[in-house]
Amino acid sequence: MRIGLKKALFIIFIIVSMNISSVVWAKEVKRNILTTDNLDVNSINKEIEEEGKTYIYSGFDKEVIDPDVKFQSYVSEEKVLDFIDDNYLKSQFDNTYIYEDEEYSGELFIKDFDITEIDNGYQEKIDSKLIYYNNLATNDLEQIAKNRNIDGKEYVLINVEWSANSITEIDETKVPQSYNGKALYQCIVTEKNANTYKVQATYEGTVKSKINKFNYTIKYTEKEENKIEEEKKDYIVPTLIVGGIFVLVLASILFNKNATVYNIQDGKMVKIKSQKIKNGSIIDITNSEKINGNNFVLKIKESSYSKLKGKRAYIQLNKQRKSIFIIAKNNSFKF
């Protein structure tokens, strides 16, 4: 047994409305706890109050928070170096530094060097020079200069080492004929000490927090006794909304005009009447004052054409009734 469209829509509306009025929406509130420790369920409040209503604990969700990341720099301990050539500097420091404190750890990479030049001043020292005197007649110091200017500096005679240059024998005794002298001269000179360099390496990079953080969402559901009065209020509006929607849908279906009769006047289509039709429907255009001429078109709405194709409709004009066999969206006819 087939039921009409109106009855079907009415039944659907009643069923949906009954379902809506019987649904219980559980109201829920949430609390967030951010911690580095695992949640102790026993420490959670099992019942809370909010806006005069009581909520009871119903469970929790756990979310692992991504570790914190931050930029970090580190300056190494100071080293005193004799050279600051790039290759030499790199050989004295590691390329990377493993950073770690109470909260963060990570690998840092060498970025630059902080160099301070050290002026080591001057120092005094004794400079010695040897001067050789050869083929002297005697080994008397009077023949030796007591001071010598060497490279612009004044050197003082310290001592002379004598040796025989030539020897003769007298009464079986060897007697020197001439002498060689090796004279030692000394001078106090001041020299510039070589500069050295204080160097520190700078490392940079990102480090991550070592301690995991957890975000717990604690869920509470409203107690049953609090919901009775609220449900009565809350379901009136949804029921009216759904009812209104079905009324609109029903109206759109019942009053949707799927056929229009046009009168052709001077090559233009003049609308005479629109009506919702089905197989065998009659469209009465008797009372239209717009008709001028005997050329007409019955136009079928595209959304209804597939259902009406091959069906019949009747156009009534005064006492004349024209039978139209619907074979196209636009069907021409005359009386």
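**View 1. Arg148 and Tyr185 make a charge-over-ring contact.**
The charged end of R148 sits over the ring of Y185, 6.0 Å from its centre. The term is used when NZ of Lys or CZ of Arg is within 6 Å of the ring centre and within 35 degrees of the ring normal. Please keep in mind that the model is predicted: local features need pLDDT of at least 70, side-chain atom pairs count only at pLDDT 80 or more, and totals for chains, interfaces and linings use all residues. Residues are numbered from 1 along each chain as its sequence is written, and side-chain values use heavy atoms, with hydrogens and water left out.

**View 2. The whole protein chain, for orientation, has four helices and 20 strands.**
Helices (H or I, at least four residues) and strands (E, at least two) are DSSP runs, numbered from the N terminus. Of the 335 residues of the chain, 27% count as buried. Here buried means under 20% relative accessible area, exposed over 50%, and partly exposed in between, with a 1.4 Å probe and protein chains only. Among contacts with a separation of 6 or more, 70% come from residues 24 or more positions apart; a contact means heavy atoms within 4.5 Å.

**View 3. V261 belongs to the largest nonpolar core.**
This core has 17 residues, and those with the most contacts inside it are V261, I277, I283, I285, L298, I300 and I315. At least two core residues come from each of β14 (259-265), β17 (296-300), α4 (302-308) and β18 (312-317). A nonpolar core is a set of buried Ala, Val, Leu, Ile, Met, Phe, Trp, Tyr and Cys residues joined through side-chain atoms within 4.5 Å. Beyond its neighbours within four places in sequence, V261 is in contact with residues including V270, I272, I283, F296, L298, I315 and F333. Another core, of 12 residues, lies apart from this one, and I131, Y133, V160 and C187 are among its members. As a general background, nonpolar side chains tend to be buried together in soluble globular proteins.

**View 4. Four strands form an open antiparallel sheet.**
The strand order is β15-β14-β17-β20. β15 (268-275) and β20 (330-333) stand at the edges with a single partner strand each, so one side of each is left without a neighbour in the sheet. On average, neighbouring strands are turned by 25° against each other, direction ignored; axes are lines fitted to C-alpha atoms, for helices over the stretch in contact, and angles run from 0 to 180 degrees between N-to-C directions. Four bridges join β17 and β20 in the antiparallel sense, and F296 has F333 in β20 as its bridge partner. Two strands pair if DSSP finds at least two bridges between them.

**View 5. Y74 and Y97 form a stacked aromatic pair.**
Their centres are 3.8 Å apart, with 5° between the planes. Y74 is in strand β4 (residues 69-75) and Y97 in strand β6 (residues 96-100), 23 residues apart. Both are partly exposed: Y74 has 22% relative accessibility, and Y97 has a relative accessible area of 27%. The structure holds 12 aromatic pairs. Rings of Phe, Tyr and Trp (its six-membered ring) pair if their centres lie within 6.5 Å; planes under 30 degrees apart count as stacked, over 60 as edge-to-face and the rest as tilted.

**View 6. W162 and Y179 meet edge-to-face.**
The ring centres of W162 and Y179 are 6.4 Å apart and the planes are at 85°, so the pair is edge-to-face. W162 lies in strand β10 (residues 153-170) and Y179 in strand β11 (residues 173-192), so the pair ties together parts that are 17 residues apart in sequence. W162 counts as partly exposed at 26% relative accessibility, whereas Y179 is buried at 17%. In the loop between β10 and β11 you will find D171, a non-glycine residue with a positive phi of about 50°. D171 is exposed, with a relative accessible area of 72%.

**View 7. I115 sits in strand β7 (residues 104-118).**
I115 is partly exposed, with a relative accessible area of 35%. Residues up to four places away in sequence aside, I115 touches I84, L89, Y197, K198 and V199. I115 and K79 are 36 residues apart in sequence and 9.8 Å apart in space, C-alpha to C-alpha.
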